[in-house]
Amino acid sequence: MGEMSGFQLGVIGALFLSVASSVSIVICNKALMSNLGFPFATTLTSWHLMVTFCTLHAAQRYNLFESKSIDMKTVMLFGILNGVSIGFLNLSLGFNSIGFYQMTKLAIIPFTVLLETLFLNKQFSQKIKFSLFLLLVGVGIASITDLQLNFVGTILSLLAIVTTCVGQILTNTIQKRLNVSSTQLLYQSAPFQAAVLFVSGPLVDQFLTRQNVFAYKYSPIVLAFIILSCVISVSVNFSTFLVIGKTSPVTYQVLGHLKTCLVLGFGYTLLHDPFTERNMIGILIAIFGMGLYSYFCTQENKKKQSPDSLASQLKDKDETPLLAKDKDDHEVKKSSKDSLV
């Protein structure tokens with residue numbers, strides 16, 4: 001019972017940290033990009049990951065956490081996949097309307113459920129599916145304004161959905177099967193994510209904004225907001241890996257839509273963004289759907305705490321690197337990890 005209470009407190013703490021840090025960085029980045037005219041989102045994300053890695057490296061050197069050796073091919077492919085997914089999301093936003101981009105983000109939940117059902121044999125009850133449906137309807141009402149379609153934008157959105165879902169599922173699966181913490185996984189994969197975005201970011205941003213990040217004139221206030229954004233990003237990246245590792249990719253996406261509702265609310269109160277009855281109705285429906293999802297998940301988790309269920313979970317653990325190819329049909333045992341967005 002004590003371990004279960006500690007686990008629940010850890011989950012609550014991870015969820016709170018994720019919400020607080022994500023809402024903070026969205027407000028910071030909105031001020032940076034909208035008010036101060038710094039539009040280079042992909043390049044900024046690469047800086048976030050670099051600062052995150054440097055922070056974790058310093059923490060590891062001071063023995064604040066133990067670094068675990070992870071199969072290099074696994075962690076490299078995982079890091080590249082996550083970096084590519086961020087790039088596709090930014091390109092999707094650049095080629096699509098805001099409404100279609102929001103539809104892309106909404107589609108991540110049902111696609112994740114589909115992938116976990118087909119490939120991981122995970123079962124979702126009708127109650128869970130109904131609560132997710134309510135959540136999606138509410139967020140859709142609150143955030144979607146228009147749906148302008150184009151071929152290139154649609155392809156990029158599909159690629160963004162697939163890479164994001166697969167990356168988040170691997171974050172959860174790798175961490176649990178290879179028995180590594182969220183910190184260890186983030187520490188190992190952040191350099192590869194940062195490298196992908198550091199190389200592609202300036203090109204993507206120049207293509208989308210017609211501006212060169214290296215030719216931009218950095219004022220002191222812009223530099224201050226960039227530094228603040230990078231500092232907050234350490235907490236965002238850490239809490240993302242932490243939440244997915246302690247819960248599931250679907251729960252993380254549900255949490256992401258809670259952040260969307262909070263950002264809409266804070267945007268209205270702090271930044272005086274337009275806010276209508278439609279926004280309010282959508283947020284209330286979404287919050288109700290999130291409440292039902294949390295309640296149903298809690299009820300189902302209680303049913304899973306039987307000795308037979310725990311024994312089955314232990315039996316299912318596998319230490320084989322998930323992304324490494326084994327041509328000789330033998331397992332290469334490595335200790336490894338789990339995990340953003």
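Residues 280-296 are 100% helix and 0% strand, with the end C-alpha atoms 24 Å apart. Helices here are DSSP runs of H or I with at least four residues, strands are runs of E with at least two, and both are numbered from the N terminus. This is a predicted model, in which local features need pLDDT of at least 70, side-chain atom pairs count only at pLDDT 80 or more, and totals for chains, interfaces and linings use all residues. Residues are numbered from 1 along each chain as its sequence is written, and side-chain values use heavy atoms, with hydrogens and water left out.

The unreviewed UniProt entry annotates "transmembrane region" at 38-59, 75-93, 132-149, 155-173, 216-238 and 280-296. Such positions follow the numbering used here, feature names are shortened, and annotations may be inferred rather than shown by experiment.

Now the whole chain. It holds 11 helices and 0 strands. From the N terminus the order of elements reads α-α-α-α-α-α-α-α-α-α-α. Of its 341 residues, 45% are buried. Buried means under 20% relative accessible area, exposed means over 50%, and partly exposed lies in between (1.4 Å probe, protein chains only). The accessible surface is about 17700 Å², and carbon and sulfur atoms own 66% of that surface. Areas come from the Shrake-Rupley method with a 1.4 Å probe; for residues, only the protein chains shown count as cover.

Helix H5 (residues 126-143) gives the most to the patch, with 4 residues. Phe 133 sits in helix H5. Phe 133 counts as exposed because its relative accessibility is 52%.

Asn 179 lies between helix H6 (151-177) and helix H7 (182-209). Its phi is near 55°, positive in a residue other than glycine. Asn 179 is partly exposed, at 49% relative accessibility. Arg 210 lies in the loop between H7 and helix H8 (220-246). Arg 210 is not a glycine either, yet its phi is positive, at about 60°. With a relative accessible area of 65%, Arg 210 is exposed.
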